Amino acid sequence: MSSYNLLMLPGDGIGPEVVNEVERVIDWFNKNTDSKFEIEKDLVGGSAYDAHGAAISDAAMDLAHKSDAVIFGAVGGPKWDNVPFEVRPEAGLLRLRKELDLFANLRPAICYKALADASSLKRELVEGLDILILRELTGGVYFGEPKEITDLPDGQQKAVDTQIYTTSEVQRIARVAFELAKTRKGKVTSTEKRNVMISGVFWNKVVSEVHKNEYPDMELEHILADACAMQLVRKPKQFDLIVADNLFGDILSDEAAMLTGSMGMLPSASLGAVNETTGKRNAMYEPVHGSAPDIAGQGISNPIAEIASFAMALRYSFNLTEEAKLIEDSISAALDTGIRTPDIMQDGMKKVGTHQITDVIISEMNSRS
Ligand code: NAD
């Protein structure tokens, strides 16, 4: 029997609603399998600000460091729009990413057969789509200094952002890409703008070296980021795993995500480095969507992104691949029955709420195990 500690940070808005549904899925594993999950809960975001005056407390950070994985809901909402910048709800999320050093952000774009018509692309282009965008999350132009607006002598102003990557930063994300590729189709597509950016030349060189020296058996292709964006909407199934820096990864992962339909369907994982002594890696799993204040409290939010994020935890933190697949197959089967939360509602389908769609996912898990 294996046991794991999870820290749950439901957050604000629909965060607690969708995290509740994940708890039901976790209960199912605790009752029906040899994997046991112990759950601790704490506050993050606006709810943490209301309780402690900070977007996450030191005590919650301590729990995050000690946990095997953090399951995050969503933060924010109009109630906290005017709180001081340094304690705004998102500051809790950023502190977690920074202090846990979660440098690798994984966003799968999976198109469920039942939802292929919800994509803005033709069904044949997206049906069966299963790609992974790996984004470097803690470096690059979002963090590089100088980052400023300065006054010029002629009365104009000048704005500067700085794109910086070091060898080790590119090496570590490249290694994550190749390790993930081992569990997928063995192919990595690395993207940058080496035609106009020296940091792109550097990115390309370091990824190629990691490939040649450490992963010669994997396939590596390079593509310019603009061409990648174009190919993603032209023929997305040509890709399996795309690795990109923080900026291009941000854009390409949003583009890839929308190939699949709704915000309520998109999970993500953020991983740190493996600790050489303990073999453990910091990890946080969260839906891509926000706290959706417009629908919070109505019992109609779609819990699939949160549940699929837990499936990612099973796969990437606990190596429970079959169990992850059980959840993913059950989500797909639940959609095949024709039930839909309002965000993914289609003609002829049956509209259900947050709790009912989870009921069906769990009953599909029962019938598959
Ligand atoms: P949002 O993702 O919360 O909502 C965008 C739209 O998608 C809304 O119409 C919402 O109802 C819908 N939606 C989102 N998730 C859904 C779900 N699971 N089921 C059904 N419908 C869903 O983005 P927003 O409206 O721009 O932001 C709302 C708040 O969330 C803001 O305070 C923002 O700062 C915050 N936010 C937080 C995170 C995070 O916690 N990681 C991410 C994005 C936005």
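**Notes on the ligand site and the pockets**

1. Let's start at the ligand: one of its oxygen atoms sits 3.1 Å from a polar backbone atom of glycine 77, a polar contact in the sense of a pair of N or O atoms within 3.5 Å. Keep in mind that this is a predicted model, where local features need pLDDT of at least 70 and side-chain atom pairs count only at pLDDT 80 or more, while totals for chains, interfaces and linings use all residues. Residues are numbered from 1 along each chain as its sequence is written, and side-chain values use heavy atoms, with hydrogens and water left out.

2. Glutamate 90 brings a polar side-chain atom to 2.6 Å from an oxygen atom of the ligand. Serine 291 uses its backbone instead, with an N or O atom 3.1 Å from a ligand oxygen. On its own the ligand has 800 Å² of accessible area (Shrake-Rupley method, 1.4 Å probe), and the protein covers 68% of that.

3. Who else is around? The ligand is surrounded by 21 residues, counted if a heavy atom lies within 4 Å of it. The closest are Val75, Glu90, Gly290, Ala292 and Asn302. By class, this shell has nine nonpolar, eight polar and four charged residues; Gly counts as polar here, and Asp, Glu, Lys and Arg as charged.

4. Now the largest pocket, at about 970 Å³. The volume is the space filled by probe spheres set on the points. Its lining has 37 residues, with Asp130, Arg184, Arg315, Tyr316 and Glu328 nearest the centre.

5. Where does the largest pocket lie? It is between domain 1 (1–103 + 276–369) and domain 2 (130–259), because both give residues to its lining. Those bounds come from an automatic or database domain assignment. The lining comprises 19 nonpolar, six polar and twelve charged residues.

6. The second largest pocket holds about 380 Å³ of space. Its lining has 20 residues, and Leu93, Arg97, Glu286, Pro287 and Val288 are closest to the centre. Domain 1 and domain 2 each supply at least three residues of this lining, which divides into eight nonpolar, six polar and six charged.

How values were computed
A polar contact is a pair of N or O atoms within 3.5 Å; within protein, one must be able to donate a hydrogen and the other to accept it, and residues adjacent in sequence count only if both atoms are side-chain atoms. On a 1 Å grid over the protein atoms alone, a cavity is a set of points where a 1.4 Å probe fits but cannot get out, and a pocket is an open set with protein on both sides within 12 Å along at least five of seven lines; lining residues have an atom within 4 Å of a point.
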